[in-house]
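Good morning, and thank you for the time. I should like to take you through one model, beginning with a turn and ending with a helix.

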Amino acid sequence: MPRSSVTLTPPVGVLLRRYAAAGEPLSCEPVTQGLLNRGYRISTTRGAYFLKQHLDAPTADRATIVRQHRATQRLHDLGLPVAPPLADSRGRTVAVVDGLCYALHPWIDGRHRDGAQLSAGGSRRLGALLGRVHTCLERVMESPPPGDDHESARPEDTFRAIEELIRLARAHRPHDSFDALAEHRLRERRRLLAQHAHHRPPPAAASGWVHGDFHPLNLLYRGAEPAAIVDWDRLGVRPRAEEAVRAAAIFFVTPGGELALEKVRAYARAYRRATGADGAELAAAAHRVWWERLNDFWTLRWRYQLHDRRADPQFPAVSALAVWWTREYDAVRDAFAG
């Protein structure tokens, strides 16, 4: 669940005193891209740092953050482009001040790039990179617990959610073009789900450790090469191939809600080579993520139920993608599996 959008000013001076080599603070500037936690660019007399303020309740406890930090350090040691946190003078990587957890990271100069900015070669490198993440996590994390299956969405639950969201969209004031589009897409999705309810996939076994939130805002580039994979809050055990498909559906979606399938194909082939996954595994994952998209309305839940509008700009493309993907189901499956 998203946190409040109220800015919480970090106690920079108190925090930096824990890091003997960090220097004295000169400035603190918010980094605005994040939706769930807070980030700041800290300039000091010794250089620049990224200060992360952990606010997202499911992942903001100290033990969870420490596990993430240990994983990123091990991945860094294996040569992956990550930015492990700095340890304070007592060797700790998590600072707790006034009940909130913070971590100080080196500042990584770079830019975010979406799929439209990636060439075919860049798409291959992206797929290979995520493949390396998954295979390296297998080396550095404990064995996943057995028997943790992931149920797919139930159509009857989705139909109830659609009715509630239509009611909220219709009642929203002032009622604007966004609300009209939301009502249209919800009714459209209700029809599509009724047509395809018999295609609900069976439960999927959790197959390995994944980053959990691999998308353009969590990958920094320096030129054409990835400089750092950031934001490991969602590190967990889930079906690995589904993360590959889910990431592609974010990187390679166009503003009109279609997937750039040639880039998806290059990306998926590189991912399969890096991990040893076969086409059947990626095809099954594509089916499950398609079903997930058909049943998911997270951007509308944020707007109407949580009164948080920061995800509104994502809604047009996200909602259009579910419709396009259903129409082009075979072509999308073949891009992932071929």
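Which residue in the turn of the hairpin formed by E9 and E10 has a positive phi? The residue is Gly223, with a phi of about 70 degrees, and the hairpin has two residues between its strands. Helices (H or I, at least four residues) and strands (E, at least two) are DSSP runs, numbered from the N terminus. Strand E9 covers residues 219–222 and strand E10 residues 225–229; the two run antiparallel and are joined by four bridges. Strands count as paired if DSSP finds at least two bridges between them.

Let me state the basis of the model. This is a predicted model, in which local features need pLDDT of at least 70 and side-chain atom pairs count only at pLDDT 80 or more, while totals for chains, interfaces and linings use all residues. Residues are numbered from 1 along each chain as its sequence is written, and side-chain values use heavy atoms, with hydrogens and water left out.

The pLDDT is the predictor's confidence in each residue, from 0 to 100. Its mean over the protein chain is 93, and 96% of the residues reach 70 or more. Over residues 1–8, however, the pLDDT is below 50; this stretch has 24 contacts in the model beyond near neighbours in sequence, a contact being heavy atoms within 4.5 Å. Where pLDDT is low, the predicted coordinates should not be read in detail.

I turn now to the open sheet. Five strands form it, in the order E1-E2-E3-E5-E4, with antiparallel pairing. Strand E1 (25–31) and strand E4 (95–97) stand at the edges with a single partner strand each, so one side of each has no neighbour in the sheet. From one strand to the next, the twist averages 30 degrees. Axes here are lines fitted to C-alpha atoms, for helices over the stretch in contact, and angles run from 0 to 180 degrees between N-to-C directions.

Consider E5, residues 100–106, which pairs with E3, residues 47–54, in the antiparallel sense over six bridges. Leu51 has Leu104 as its bridge partner, and Tyr49 stands opposite Pro106. With E4, strand E5 makes three antiparallel bridges, and Val96 is partnered by Cys101. E4 and E5 also form a hairpin with two residues between them, where Asp98 in the turn has a positive phi of about 55 degrees. Helix H2 (residues 62–77) lies across E3, E4 and E5, at about 15 degrees to E5.

Is Cys101 buried or exposed? Cys101 is buried, at a relative accessible area of 6%; buried means under 20%, exposed over 50%, and partly exposed in between, with a 1.4 Å probe and protein chains only. E5 is largely enclosed by the rest of the structure, because five of its seven residues are buried.

Finally, helix H10 (residues 315–327) reaches 19 Å from its first C-alpha to its last, close to the 18 Å expected; the expected span is 1.5 Å times one less than the number of residues. Ten of the 13 residues of H10 are buried, including Trp324 and Trp325. Arg293, in helix H8, is likewise buried at 14% relative accessible area. Leaving aside neighbours within four places in sequence, Arg293 contacts Arg189, Arg246, Ala249, Ile250, Ala322 and Trp325.
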